Amino acid sequence: MDIGLVYSRKDPQQAKVRDFVHDYIRKRGILANVVEKNQPVKSPTLIINGFALKDLRSKPREKHPKMYPSIQDVAKALEQSVWG
């Protein structure tokens with residue numbers, strides 16, 4: 001599996017997504033090549049085998065100004081890629 005991750009290391013929420021991806025792969029013994037790119041972005045983008053998971057909303061959820069794919073969204077995308 002090839003995984004690309006574009007995120008901002010300075011943003012704790014985005015760093016949490018990065019850590020989750022690495023933990024998910026490690027805990028499940030998934031063979032994956034992970035390539036990270038640290039750059040100032042508003043929302044992390046996860047690319048799994050060429051398919052991108054990113055936030056496509058034009059307005060934030062509720063009162064939160066930042067828009068992210070949720071940890072649940074990331075987990076679902078990884079799970080589908082492993083079994084799909």
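## Helices against the sheet

Helix α1 (residues 12-28) lies across β1 (2-7), β2 and β3, at about 165 degrees to β1. Helix α2 (residues 71-83) lies across β1, β3 and β4, and runs at about 10 degrees to β3. Contact here means heavy atoms within 4.5 Å. Helices (H or I, at least four residues) and strands (E, at least two) are DSSP runs, numbered from the N terminus. Axes are lines fitted to C-alpha atoms, for helices over the stretch in contact, with angles from 0 to 180 degrees between N-to-C directions.

This is a predicted model: local features need pLDDT of at least 70 and side-chain atom pairs pLDDT 80 or more, while totals for chains, interfaces and linings use all residues. Residues are numbered from 1 along each chain as its sequence is written, and side-chain values use heavy atoms, leaving out hydrogens and water.

## The sheet itself

Now to the strands. The 4 strands form an open sheet with mixed pairing, in the order β2-β1-β3-β4. β2 (33-38) and β4 (51-53) are at the edges with a single partner strand each, so one side of each has no neighbour in the sheet. Two strands pair if DSSP finds at least two bridges between them; β3 (residues 45-48) and β4 form 3 bridges in the antiparallel sense.

## Around Tyr 24

Tyr 24 is buried, with a relative accessible area of 4% (buried means under 20%, exposed over 50%, partly exposed in between, with a 1.4 Å probe and protein chains only). Phe 20, at 22%, counts as partly exposed. Being 4 residues apart in helix α1, Phe 20 and Tyr 24 are separated by about one helical turn.
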